[in-house]
Amino acid sequence: MERSRRDILKLFGISALALSTGPVLDAFAAEQAEHGAAAEPYVKMGGKALKAQQWAMVVDTHKFESEEDFTPLIDACHKIHNVPSLPIKRQEIKWIWTAPYHNAFPMSPMKFIDEKLEHTPLLVLCNHCENPPCVRACPTNATFKNPDNGIVMMDFHRCIGCRFCMAACPFGARSFNFRDPRPFINPAELNKQFPTRTKGVVEKCNFCAERLAVGQLPACVEASNGKLVFGDLYDPESKVRELIRTNYTIRRKQALGTEPAVYYIV
Amino acid sequence: MGNKKLVYLGIAIFLVVVTLPFWFNRGKAAPAPELVLTAKAKEAKECVRSKDYMAKDHMRVLDLWRHAVVRNAERIYVNPQGKEYVMSLSNTCLDCHSNKAEFCDRCHNYASVRPYCWDCHIDNPKETK
């Protein structure tokens with residue numbers, strides 16, 4: 001059978017038309033199915049969640065006298081977050097701890113200051129900087145600044161343990177799990193509501209994001225009896241702003257430009 | 001081509017050896033594991049999603065959950081029926097399915113998948129009180 005050029009072109013034309021109508025019909029069908037099917041699942045924030053543009057903390061150093069004032073706060077945090085206590089100092093994991101004044105504020109060259117301030121330890125933790133250098137250093141976005149509340153978070157699922165963030169953090173706020181932390185958590189004190197970490201990830205304070213989500217203040221703030229104050233830095237009416245306005249406050253290594261969100265009344 | 005016979009014999013032996021595991025295990029497929037539901041799970045009747053969806057796609061649900069909770073601070077999941085759940089492996093899933101060994105592990109072992117969820121997430125919040 002001989003086919004003319006005209007016949008073949010006709011065949012091509014009809015085939016092209018047939019192929020192009022398929023997807024269009026499918027799209028119509030899908031749209032109709034969508035209207036008929038059950039609603040799509042979705043996620044949302046809890047109703048009781050506390051909200052802020054940038055969470056911040058004010059530490060009133062006048063209210064801390066000795067080690068006994070610090071331990072309940074540190075214990076409260078480390079207990080609910082399953083922070084292990086490792087015997088070897090260089091493998092230590094810490095979310096909140098104490099440091100002497102000249103270590104916490106090495107760039108504030110104040111001489112002849114109040115002896116009490118100079119010799120009482122200071123409570124230090126992750127500063128949840130507004131311009132966090134650890135976030136810029138992280139190659140996997142495992143650590144990130146939550147744009148909704150300013151908390152510098154760790155996504156342990158993504159952390160590859162490269163420790164760039166630890167090198168980048170000027171406050172030493174990050175700890176690396178050199179070994180499996182589970183055996184170093186007291187089983188009697190294990191908080192089963194909160195995960196532990198695994199070997200090879202970096203961890204740090206999370207400003208109790210899991211407690212804020214259900215309307216509770218951070219554990220250390222709750223345990224401090226008013227020595228620590230927590231609130232929104234960008235709400236002019238908040239307690240932290242009032243304290244910053246009415247007291248002389250300093251921040252750690254301010255000159256580095258990381259804009260820490262933990263303020264110290266001195 | 002004097003050794004044609006030997007070549008064919010060699011190929012035959014090779015095929016037999018390679019397919020030996022299939023002959024050996026013919027008709028003896030391991031039965032699918034039987035999952036045990038706890039009393040609490042039975043009582044609840046319906047999981048977060050339908051049973052078929054959960055059996056096939058629970059990993060997708062968990063992946064969505066961890067992303068929403070950790071990265072977006074959204075902790076409530078609303079399922080197609082409009083019911084709300086706190087998105088937490090340890091506190092929501094394992095609250096009902098508190099028998100990880102008979103529920104999670106059996107299937108995972110059968111399918112030879114080794115999820116590392118439990119390296120961090122505590123496997124059973126109600127094991128000891």
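Colleague: Which strands form the open sheet in chain A, and in what order?

Modeller: The order is β9-β2-β11-β10 in chain A, with mixed pairing. This is a predicted model: local features need pLDDT of at least 70, side-chain atom pairs count only at pLDDT 80 or more, and totals for chains, interfaces and linings use all residues. Residues are numbered from 1 along each chain as its sequence is written, while chains are lettered from A and ligands numbered from 1 in the order in which they are written.

Colleague: What makes β2(A) and β9(A) a pair?

Modeller: Two strands pair if DSSP finds at least two bridges between them. Strand β2 (residues 55-60) of chain A and β9(A) have five, in the antiparallel sense. So they pair by that rule. A:W55, for one, has A:D232 in β9(A) as its bridge partner. Strands (E, at least two residues) and helices (H or I, at least four) are DSSP runs, numbered from the N terminus.

Colleague: Why are β9 and β10 of chain A called edge strands?

Modeller: Each of them, β9 (228-232) and β10 (249-250), pairs on one side only.

Colleague: Which helix lies across this sheet's strands β2, β9, β10 and β11 of chain A?

Modeller: Helix α9 (residues 239-246) of chain A does, running at about 115° to β9(A). Axes are lines fitted to C-alpha atoms, for helices over the stretch in contact, and angles run from 0 to 180 degrees between N-to-C directions.

Colleague: What is A:I96 in contact with, beyond its neighbours within four places in sequence?

Modeller: A:L73, A:I74, A:C77, A:L123, A:L125, A:C205 and A:C220. Contact requires C-beta atoms, placed from the backbone, within 7 Å.

Colleague: Why is A:D7 called exposed?

Modeller: A:D7 has 10, so it is exposed. Its place is in helix α1 (residues 5-36) of chain A. From A:D7 to A:F144 is 63 Å, C-alpha to C-alpha, at 137 residues apart in sequence.

Colleague: How many residues does each chain bring to the contact between chains A and B?

Modeller: Chain B brings 20 residues and chain A 24. On the side of chain B, α3(B) gives the largest share, four residues.

Colleague: How do you know that β1(A) pairs with β1(B)?

Modeller: Three bridges join strand β1 (residues 42-44) of chain A to β1(B), and they run antiparallel. There A:V43 stands opposite B:Y77.

Key: Contact = placed C-beta atoms within 7 Å. Buried ≥ 20, exposed ≤ 12 C-beta atoms within 10 Å, placed from the backbone.
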